[in-house]
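Hi,

Here is the model I promised to pass on.

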Amino acid sequence: MRHLPLSRGLSLLLLPALLFGCAPEMLESQSTLSKLRVLAVRAEPPELAPGETVQLDALVVDPRHDRCLDAVAGGSGEPADCLSPEVVGPPTLYWELCLFDEGANNLYRCATIPGLPPELSRRDLGTGATASIAYAAIVPAPSFIEQACASLASADAPDFVEIPSCRRGLPVTVRLTAIAAGANLAARTTDQFCLDQPADCEIAKKSLTLLLPDRVAERNNNPRIEGMFNAGTELLPGVASVPVCGDGVGADQDGAEQHDPELVPVVATVTVGEGSGTSAEMFSPEPTQVEAAPAPRREELDISWYATFGSLRGATYWGEGKTTDDEITFNELAFKQFMKDSDISTLPAGPIRIFAVLRDGRGGVDFEERELSIPFISGADDTVAEDQKCFDVRSVVK
Amino acid sequence: MRLTCRLRLLSQLALATLAAAPFAAPAAAEEPAPPAEELIEPVLLSNVEAAFPPAAFAAGLQADVILQIDISETGAVTNPIPVEAAYYGYDDKGNLVEETAEISADKHGFIASALAAVTQYKFKPAILKDAKRPEGVAIPVQVTWKVGFVISEQEIQRQLTEKEAQRDQAVASDPTAPVNFQGQLLVRGVRDPLFGVKIKLRQTAPDSGLALEVTTDAEGRFAVPGLKSGTWEIKVDEPGFRLYTTTEKVEAAQLTEATLYIERTREGLVTRTTGEPPPKEVTRRILTVREIQRIPGNNNDAIKVVQNLPGVARAAFGGGQVIVRGSAPEDTAFFVDGMQLLAIYHFGGLRSVFPSEFLSSVNLYPGAFSSQFGRVTGGVIDVRTKSERLERVRGHADVSFIDSSFYLEGPIGEDVDFQIGARRSYIDFILDPLSETLGLSFTTAPRYYDWQGKVRWYADPNHTASLFVYGSDDLLDFVREDQREIPPDLRGGIKISTAFQGAIARLDSKLAPDITNQFQFQYQPQQQGFSLGEGLYFNLNVNFFSIRDTVEWKASDNLTVRGGTDPKYFTGDIALKLPRPPKEGETPVGLGNSEVFEITETFDPAIYNLYTEAEWKPVPKLLLIPGLRYEYYDRVDRGAAEPRLAARYNLTDELVVKGAYGRHHISPTPDETSTTLGNPTLNLEQADHYVLGAEYAFTPYLSFTAEAFYKDLDNLVTRSATPLIYDNAAEGRIYGGEFFLRHQLANNFFGWVAYTISQSERKDRPGEDWRLFDFDQTHILNVIASYDLPDNWSVGARYRYVTGSPNTEIIAGVFDSDSNDYVRVEDTTVNASRNKAFQQLDVRVDKRWIYDTWTLNAYLDLQNATNYENAEGVNYQYDFEDSLPVTGIPIFPSLGIRGEF
């Protein structure tokens, strides 16, 4: 009898890194924005009931575009960097809706399933910043969901299409392809372009559940970020404010307040609790083999943070039933890079952007963006005022 | 002393009494003178050496015996008559002494011996030619013949020396007196007794010149009765050992005891044999424990050395997997004395679970092995605990960079012996202080321990019983200090544990002169666990019950038949909440992108089997081993017959050709046959092994082996179209060659060159193309050398070169907005790329300090001495657009000390 080599296999992965620290740490963090990125795809509502229309939008960022705008506006920077047509404008978004997709190795392309009308397999939702589609346009008849799920289980179904759980409804795939402005596809498909030039293209997918009529009451709602703050002061959309260095609100994992003057504290406020407007809703999980009737529980929120400059303390924080000012909503930005004087000119001339994406673990999502105007300085520690330390990019020069 | 005896013809023939005289009538005067008669002497054609009288020989007495003999016309000797005898010898001082004795007395037996010999002589008769008979005629003659009894000069000298020693000894000691000086001669450091060694004693105070010599018995003991009082110099001058000299003061009426420890000049002069029978498997690599403990990079671990043998691929650093001839790691099984083990290595292959001292040998069977082994389609590693009777207390304590251990063995009374050992790592003690730097909080940093105990009872000449208990426990439990970046379900840290405990009771019986039976019963509870926070976990608890009974009948010198069974029954439970584990050929996906399965199951499967095999020598140079095994697995309700055949033919004393075929089966893994995660109707996987090769022995310690192998794999489990999840549609093929040049421990050197070239391929579904197996490694080269230098230094080196393992290239990442993860997009051809080739040089230096009753060994084991950066894996950026290699260990020195007694 062979043994299941599972835990041993896991240990193999962990031990070398633990013992010898050989795993490289020079790769870019997910929270660092340096190229075209899709940070989130949002559906409103996140689960679609009969008779409704879903609105789709996405948080797509190309920081190269920001830098060119800064260069043009400030008259500084490197205009040559901005001659590339890919970064002079906002990216183009290609929206699709797939009844079923072909899986990761096929870039989540829409799958054609025997027994289902081909025209229903893929819907082109256009190339705008947003897209929308009605429930009825996807589900032509009430029995369609059952028919679609059954057809997947047939022997003719392609192997690479996973059979979804159809208990609550039919999960379909929203596919978004973001391509940098002015990209030259040169007779290539968008998929091929993405494989060839990954820095100028990103493919994203999101699952959207088309609810069965009898499950509409259990529908999920998007969570909501109510505001973003720095040191108790709200950061307003579209307004680039100079933040206050690290005496802001925040706490470490043990609950102690953070007071690091070399960091910029930021908080995304989220309402967590009972009643309307809560972001962490109660829900009833699907039964499993082990738990036939799981008890209702609260959603597990997580917040992912991104910045166009500087490094964040953490990329994504998770929490369950946390309050608005606890650690999952709190993050800190650091700019210190130990730069040489000659490198100072590479600092952003305009405001930097920070993003927070809130997810509820069930497809619900919200995101916010704010701008911070950072008056970068450099100098030795003893020459920088306490309230300016978070703007210092070169506190140690030797 | 070889007796020499010479015959010497002393005189010319006396013709006065020739029997031919009547024919020699005087001729008439007027007639011309007839031609003179011509007599041709008889010629000795064959002789028989006269027996040297033993008493005379021992006394150093020699002799010349003069005989008168008649030689007939047919050449036969008749009527021998002694004429004279002269004796001579040497006195104690070497002076020649002569003696003449009466013939009739035959004082020393020389005459009788001479007479007995000459009567067996055969001569060419004497020939008489004359005018009438010019062609000549055979005639009887009488001659005088001398038989000499001569002792060689060397023997004479030896006898003189012996006489001198006896004279001295007689003076130096009194054989009739009580023993007043005794002792034991042992090997310094290890206390092995030395048998048959001469110990020379010479009285130095007073300087009388008295000397004597004693010889040690089987236990190395010696005793001298009535040794004269005084100070005696004791000298042992034995080949392979340093000259040993000491002095002892002896009193005539008082017993003086001495234990003498003599030191081997170089350990390499002695090769310990394992006591294993001659090879019957076509491919069986036997490693003697002593030989391999000092191989660099293995930290004195005998079992780890298996990974340097031909046919064994290299697992990634920390893998601890054993990949034999292109088979999956889980297709190779580990046994101790024929009973199966959960694992042979601790965490990541850092250590094996048995100390080397517990073992007598480590056997690797890479393919087409005996029908005694089943449920395996890859290879077998069977470690053998010591089988020889333990007659002395021995032990060791070992302290190294990563762990410490102790071991003790010895007799308990007349009929019982024991072995105990234990080991514990202290990586946790080292890592704990570093936890803050690592950003980790350890509940238990990586630690392992193992323990063993064995008691044997030699009940009577026909029965030996033993009880062997053992255990192993590995645990890693840590928490990342900053929990905010960990999903709530996964918070609480990572815990990995593997533990097993076991007991094997064994009874060896001799049922009849030609029939033996070996019965073993094993009980082995084992636990495996993994948890990632509270969200993902895997817990497996199994209680194994196993029996092995083998009856062997030695029907004749040319035929041995054995048969038996080793059924297993195990009961246990499994609880898991995990993504479906990746199969071979698949790359693991991130947790956020995987469907998580949660199951709890209990199980109680059984495996039944019968096996038989014969060792048959139809002609002296040919050994045939036909075998058959039948196995039934009740979990999948499948059974299979497994024919085996192996043959060895000794073309010459040095050259053996060999071949083998074997069919093997293995059951799918538990997750594959799970009613929740897999397909309970799966069939057994099957492998047909073919081996052809030759062995050539240049010298008793230098040999070369070449083998070609082919494995045909069928019914391999693979992913299938839903809803079956798995089926048996995959197949595999593995082919290659192994070359093994081995210099066993001799002349202060041991080492080997092991090279394997192979290709291992799989076809996941009918109609698909063949692809490389995950662990395919085209070239595997291991070069090992160790040399013993003077003054108890030794140096060794190991060099390894291995083709990089295949991997499937990740060509892009797709962002999954729901999980905030990127999902990898893989190349459509599985395992089309390879990691960079692995190469590493390890160096080891040992220094031993040998004291009378124990030995201290210090060693420096320098792994990756050239600090070569080997890529053990790839670390991808979050979106798979960039990657960096995960490198293996940098240059890594490991210091250790070890005391043995």
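A word on burial before anything else: I call a residue buried if 20 or more other C-beta atoms lie within 10 Å of its own, exposed if 12 or fewer, and partly exposed in between, with C-beta atoms placed from the backbone. This is a predicted model, so local features need pLDDT of at least 70 and side-chain atom pairs count only at pLDDT 80 or more, while totals for chains, interfaces and linings use all residues. Residues are numbered from 1 along each chain as its sequence is written, and chains are lettered from A and ligands numbered from 1 in the order in which they are written.

Chain A first. Of its 398 residues, 40% are buried. It has six helices and 20 strands (DSSP runs numbered from the N terminus: H or I of at least four residues for helices, E of at least two for strands). Taking contacts (C-beta atoms, placed from the backbone, within 7 Å) between residues at least 6 apart in sequence, 65% join residues at least 24 apart in chain A.

For chain B, the count is six helices and 55 strands. Buried residues are 39% of its 901, and 64% of the contacts with a separation of 6 or more are between residues 24 or more positions apart.

Now the cores. By nonpolar core I mean a set of buried Ala, Val, Leu, Ile, Met, Phe, Trp, Tyr and Cys residues joined through C-beta atoms within 7 Å. The largest has 90 residues, and Phe355(A), Val357(A) and Val814(B) have the most contacts inside it. Another core, of 64 residues, lies apart from it and includes Phe334(B) and Ala368(B).

Have a look at helix H2 of chain B, residues 110-118, too. Which of its residues are buried? They are Phe110(B), Ile111(B), Ser113(B), Ala114(B) and Ala117(B). Down the axis of H2(B) they fall within an arc of 165° (taken over the directions from the helix axis to the C-beta atoms), so they line one face of the helix. What they pack against is helix H1 (54-59) and strands S4 (62-71), S5 (77-90) and S10 (141-150) of chain B.

Last, a loop residue: Glu218(A), between strands S8 (201-211) and S9 (225-230) of chain A. Glu218(A) is exposed, with 11 other C-beta atoms within 10 Å. Beyond its neighbours within four places in sequence, Glu218(A) is in contact with Phe283(A) and Ser284(A). Phe283(A) is 65 residues from Glu218(A) in sequence, with 7.4 Å between their C-alpha atoms.

Cheers

How values were computed. Contact = placed C-beta atoms within 7 Å.
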